[in-house]
Amino acid sequence: MDLNEHISEEQLHEYLDHESDDRARIELHLAACTDCSARLRALQELFSEIESLPDLQPSPAFSVRLAPEPSPSIRLPRSLTLTVTLQAALAIVTILVAAPFVMQFVSSYVSVLPVSSPVDLILFLQSQWTAGLDTLATLQIPSLPEIPVVEASGLVLMSTVIAASLLWLVGNGLLLRNQMK
Amino acid sequence: MSDIARLFLILILMIVGLSAYFLVIQALFSARVAKIKAIVPAMTGRSFGLGLVNVVFFAVIALVLFSVAENTGPFVRGILTISALIILGVLAIALSLGLAGMASLVGERLLPDLPAWKQMLWGTFCLALACALPFVGWFLLLPYVGFVGVGSVILGFFPRGKA
């Protein structure tokens, strides 16, 4: 840095943050240059004023204002909505008309399916529902397994406990070594 | 047929119960569950090891306590049984928190755009169904998820030191 050159804004900030490598030269220039020393004083006053301001907590309304706007729901064209509705209605009518024929066709191949008409279908569904309810009523929740009681001598139990303790100590020591520092 | 229907019903009831249980755990211990969710992807292997070591140790201790309690007088038997039950209780707490975190993590990865409670619901549903799969689910996935969950709960209690 040339001593005759004025100090740039960036150099002044670095000087104030104690991050400048040219501190001695800057101080030499500041002692000689009233312009730069006035800029430095102005910056110092600005920062001390900022630091003296109280800390404020943002209000809940502020975070709501910052939240992104919900994307508007996409409205389909009226013609498309009408077409889809008509298609759905047509599909329902087709299913209703075709259902008896399909049932007859299926029941001729699958003998176990006891359905041949809509009334039979309802009866079949009702019987399945009743069977399901019966199953639920007689539901037996599996009992908890009994805790096995180990029939072993004191020596075997002691060695098991010691082995498990060693495994626990070594394992935890190794796996938690970075966490414990 | 009735056996299959019964198993199916039990599975459905279990999934519904587990979903409610994990949702309540997430609501009551949201910070702990969030911590577990952060730990598992970062330290999966370490969580698994810690879970394995601690579950094996505490299960062995509890079994030994039960076994010793069988051959002692009523007073000592009571003390030993209560101690074993406390150990099993602590394990159950760690397992509950760990599995809740794992279910939430699975939900978050499968459906990242859903709200947290729906992620937990779907995560529990998928995890429960996957763990109900014979053999692979029972003996591989369920122990893995359980050990990782317990290990991450333990890791969550230790602040990370400087490496």
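## Helices and a Buried Serine

A helix here is a DSSP run of type H or I with at least four residues, numbered from the N terminus. In this predicted model, B:Ser19 belongs to helix α1 of chain B. Is B:Ser19 buried or exposed? A residue counts as buried when its relative accessible area is under 20%. B:Ser19 has a relative accessibility of 7%, and therefore it counts as buried.

When residues up to four places away in sequence are left aside, B:Ser19 touches B:Leu121 and B:Thr124.

## Chain B as a Whole

Chain B contains six helices and zero strands. Followed along the sequence, its pattern reads α-α-α-α-α-α. The chain has 163 residues, of which 39% are buried.

The contacts of chain B can also be considered by separation in sequence. Of those between residues at least 6 apart in sequence, 69% join residues at least 24 apart.

## The Largest Pocket

The largest pocket holds about 860 Å³ of space. Its lining comprises 26 residues, and those closest to the centre of the pocket are B:Met14, B:Leu18, B:Leu99, B:Cys131 and B:Leu142.

Which helix gives the most to the lining of the largest pocket? That helix is α1(B), with eight residues. Four helices of chain B each supply at least two residues of the lining: α1 (2-28), α4 (74-110), α5 (116-131) and α6 (136-156).

## Helix α7 of Chain A

In chain A, helix α7 covers residues 154-175, a run of 22 residues. From its first C-alpha to its last, α7 of chain A reaches 31 Å, close to the 32 Å expected at 1.5 Å a residue.

Where do the buried residues of α7(A) lie around the axis? The buried residues are A:Leu157, A:Ala164, A:Gly171, A:Asn172 and A:Leu175. They lie on the same side of α7(A), because they cover an arc of only 95° around the axis. On the other side of α7(A), the residues A:Gly154, A:Leu155 and A:Leu169 are exposed.

Definitions and conventions: Residues are numbered from 1 along each chain as its sequence is written. Chains are lettered from A and ligands numbered from 1 in the order in which they are written. This is a predicted model: local features need pLDDT of at least 70, side-chain atom pairs count only at pLDDT 80 or more; totals for chains, interfaces and linings use all residues. Side-chain values use heavy atoms; hydrogens and water are left out. The expected span of a helix is 1.5 Å times one less than its number of residues. Buried means under 20% relative accessible area, exposed over 50%, partly exposed in between (1.4 Å probe, protein chains only). The arc is that of the directions from the helix axis to the C-beta atoms. On a 1 Å grid over the protein atoms alone, a cavity is a set of points where a 1.4 Å probe fits but cannot get out, and a pocket is an open set with protein on both sides within 12 Å along at least five of seven lines; lining residues have an atom within 4 Å of a point. Grid points are joined across faces, edges and corners, and a volume is the space filled by probe spheres set on the points. Contact means heavy atoms within 4.5 Å.
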